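Please read the points below alongside the sequence and the model.

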Amino acid sequence: MPHGHDHGHDHPQRALLPRLLDLDAEVHAHLLTEAVAAVADLADGAVPVRRVLDVGAGTGTGSVALAERFSTAEVVAVDVDEQMLQRVRERAASAGLADRVSTLLADVGSDTPDLGRADVAWSSMALHEAADPVRAFGNLLDALRPGGLLVVVEMDAPSMVLPRGLAGFEQRLRDAAGATPAHRPDWTAALASTGFDDVATRTLSIDHDLPADGPAGEYAALELRRIGHVAAPRLDEADRSALEDLVGDGPRSVRGLGDLWVRGTRTLWSARRPG
Ligand SMILES: C[S@@+](CC[C@H](N)C(=O)[O-])C[C@H]1O[C@@H](n2cnc3c(N)ncnc32)[C@H](O)[C@@H]1O
């Protein structure tokens, strides 16, 4: 799964990102549901949610989930990548939400974009990519109405995907790629110093078995390829060859593993613009 520390030197992988984001949302569907439910819980019930920003929207899985949850709100998908925004428009249209989901091309981390006024700003797995996350938080603070809610989700590490018998191998792969919780961003201090109130975190977790011949298998193969691209030079010969088999099309490919064990955690930060 996309994570900040390996961007910049993974160009061939970048082309796979939209598909990986769609699969990520499918495989982690209950995390997205839980996170959107947290937004609904935390939003100030006294003020209707009329306008929501999805910052770093990617392919728009969050934008559509937010538009479905807040059934009268306008959702603005903000991204620095026009190709992603095109996908958001397509996703919104096929969900019948084109009238309430719009797109805005902007870099929230280095410019001072006009984001308009929002009741809720949401950002999932994006702000770690911003050139200047503190500036991004400042832009979001300015965009929120007084009392408005910011929710940010980041993965603690990419989810593990391989079955129990391969857990040791997968851990070596993650260690070699630096894709471990030690590398996760921690926005708590940055949010408080930007001027947000009520900064809090909660952990979202997933731990379940999914069939390898479905979307989870495709997700796992893309993930192993993405992480393996970084890890391979640091693996021994046996692990490198196991990795090649897993991401290949042969009998030892990840799709032939029966059930995959998908487990991981993400941190959700919530914060409020002072009223
Ligand atoms: C890993 S994807 C996550 C997409 C989506 N939020 C999700 O959870 O599936 C990160 C997205 O953030 C966008 N992004 C990164 N930095 C950004 C910035 N400074 N301003 C706006 N979008 C940004 C990227 O173009 C990409 O589409």
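1. Among contacts (heavy atoms within 4.5 Å) between residues at least 6 apart in sequence, 81% join residues at least 24 apart. The model is a predicted one, in which local features need pLDDT of at least 70, side-chain atom pairs count only at pLDDT 80 or more, and totals for chains, interfaces and linings use all residues. Residues are numbered from 1 along each chain as its sequence is written, and side-chain values use heavy atoms, with hydrogens and water left out.

2. The protein has 10 helices and seven strands, taken as DSSP runs (helices H or I, at least four residues; strands E, at least two) and numbered from the N terminus. Its C-alpha trace spans about 60 × 40 × 30 Å along the principal axes. The radius of gyration is 19 Å, in agreement with the value near 19 Å for a compact globule with 275 residues; this radius is taken over C-alpha atoms, and the globule rule is 2.2 Å times the number of residues to the power 0.38.

3. Of the 275 residues, 53% are buried. Buried means under 20% relative accessible area, exposed means over 50%, and partly exposed lies in between (1.4 Å probe, protein chains only). The protein exposes about 11,700 Å², of which carbon and sulfur atoms supply 51%; the areas come from the Shrake-Rupley method with a 1.4 Å probe, and for residues only the protein chains shown count as cover.

4. How many salt bridges does a search of the whole structure find? The search finds 16, each being a side-chain nitrogen of Lys or Arg within 4 Å of a carboxyl oxygen of Asp or Glu. R50, D119 and R145 are linked in a network of such bridges.

5. E218 forms a salt bridge with R19, with the closest N and O atoms 2.7 Å apart. This pair links distant parts of the chain, 199 residues apart: E218 is in helix α9 (residues 215–231) and R19 in helix α2 (residues 17–27). E218 is partly exposed at 23% relative accessible area, and R19 is partly exposed at 41%.

6. D239 pairs with R172 in a salt bridge whose closest N and O atoms are 2.7 Å apart. Here too distant parts of the chain are linked, 67 residues apart, from helix α10 (residues 237–247) to helix α7 (residues 167–177). D239 is buried at 8%, whereas R172 is partly exposed at 42%.
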